Structure formats: C-alpha cells, structure tokens
Amino acid sequence: PTQRFMTGRLVKLEYSRHASKAKIMKSNLIWVIGICAMASLLLYLNANILTITVVSGNSMYPTVENGDVLLVDKVNRNASKGDVILAKIMDSDREYIIKRVIATGGEEVTIDYSKNAVMVNGMLLDEPYICLAEADPMLDLDGVTTINYTVPYGCLFVMGDNRNHSADSRNQEIGFIPEKGVVGKIRGLVC
C-alpha cells in the first residue's frame, strides 16, 4: 500500500511539473506576442502617424533648442504660414531641417535687413518668436539690405527663428522647400 501511494504521488508531481511548464510557456508566449504587437504598432505609428526627432543646432532658438526632443505629426503635412516643420532637404549636405514656414507658393517675400523686417505680399509679419539675444537679430547677407523672393507654387519659404544662425530658404544650399519634402509639423516638445 505504501508503494502504491508513493507511485501515485510521483505521477501527480510529474503531471504537476508538466502543467507548470506549460503554463510558463503559455505565459511567455503571451508576452512575446504582446511585445511583437506593441513593436509593430510603434513601427506603424513612426512610419505613418507620429515620430520624434532631436534638434541639432540652435537655428530655431528660442522656440526649440539644441538637444530638444520634438513630436512630429506626419499625418497633417499641409504646412501654412507660421507652422514649424520638419523637412527633408533634397540637394543638400543636411538631411533634415526644422524651420518655420514664412510663405507658401505664389507669395512674395521681402526681407529688409536694415529694419529687421520680413514682409509677405507687402504685409509686415509679426514675429514674436524670433531670437532677440543679439543686438542685430537679422544681419544682412553680403551687404544686401533688401532682398525679394517669389515662392514657386508647390514650395515653401522657411526661416529659422534665430535668423543670424540659420541656414534656410535665404541660403542657396537650402532654398525653397518642396511641399513634398515636408515630413510633418512639429506638435510639441517631448523633453
């Protein structure tokens, strides 16, 4: 009788070990599936809806600073005046830039460096966001005090908020930004 009881107990323990391993395997499988689903969701969001980018440089100071992490809305890419955007630069050493949209296709931009003034279609822009840390927040380019631009249709004219330290549409290397080059609008500071 003792032998039979012991054998039954061993069978019960062996069954219990198999059941416990099966529960652990099932639990691990659920975790792996959950992690894969979350990773797939994050990849989809990053590719199509939202992404983050890290600011490199101070061309948009004081709005954003070097090292800031920004949230980019990739769904609404139709940029309008005043929007801060992330754009891919097609023919430049820079891969991406973060700039403010000053004008859209068909508009006339006049920059009067002697007055630190930017006008679009003859209307002076109110620009409370520009960097005023320097005595002259917008130094002239190569001695030119006033310059005019006509923005081609399908393009944007962009400038950094820190005008003296920004490579933007005023610079031949950057020039006008094709609307198709807009990755998305900056929606906020992550950290």
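## E134 and its surroundings

The side chain of E134 makes a polar contact with the side chain of H165, at 2.5 Å (a polar contact being a pair of N or O atoms within 3.5 Å; within protein, one must be able to donate a hydrogen and the other to accept it, and residues adjacent in sequence count only if both atoms are side-chain atoms). This is a predicted model, where local features need pLDDT of at least 70 and side-chain atom pairs count only at pLDDT 80 or more, while totals for chains, interfaces and linings use all residues. Residues are numbered from 1 along each chain as its sequence is written, and side-chain values use heavy atoms, with hydrogens and water left out.

E134 sits in the loop between strand 7 (123-124) and strand 8 (146-150); helices (H or I, at least four residues) and strands (E, at least two) are DSSP runs numbered from the N terminus. Leaving aside residues up to four places away in sequence, E134 touches N162, N164 and H165, with contact meaning heavy atoms within 4.5 Å. E134 counts as partly exposed because its relative accessibility is 31% (buried is under 20% relative accessible area, exposed over 50%, partly exposed in between, using a 1.4 Å probe and protein chains only).

In soluble globular proteins, nonpolar side chains tend to be buried together. Here, the largest nonpolar core has 15 residues, and I102, V109, I111, V118, F157 and M159 touch the most other members. Strand 4 (96-104), strand 5 (108-112), strand 6 (117-120) and strand 9 each put in at least two residues, and strand 9 gives the largest share, three residues. A core, by the way, is a set of buried Ala, Val, Leu, Ile, Met, Phe, Trp, Tyr and Cys residues joined through side-chain atoms within 4.5 Å.

## Salt bridges

Searching the whole structure turns up six salt bridges, each a side-chain nitrogen of Lys or Arg within 4 Å of a carboxyl oxygen of Asp or Glu. One of them joins the side chains of R100 and D161, at 2.8 Å from N to O. R100 is in strand 4 and D161 in the loop between strand 9 and strand 10, so this pair ties together parts that are 61 residues apart in sequence. R100 counts as buried at 8% relative accessibility, and D161 is buried too, at 0%.

R163 pairs with E127 in another salt bridge, the closest N and O atoms being 2.6 Å apart. That one links distant parts of the chain, with R163 in the loop between strand 9 and strand 10, E127 in the loop between strand 7 and strand 8, and 36 residues of separation. R163 is buried at 3%, and E127 is buried at 11%. Then there's R170 with D168, whose closest N and O atoms are 2.9 Å apart; both residues are buried.
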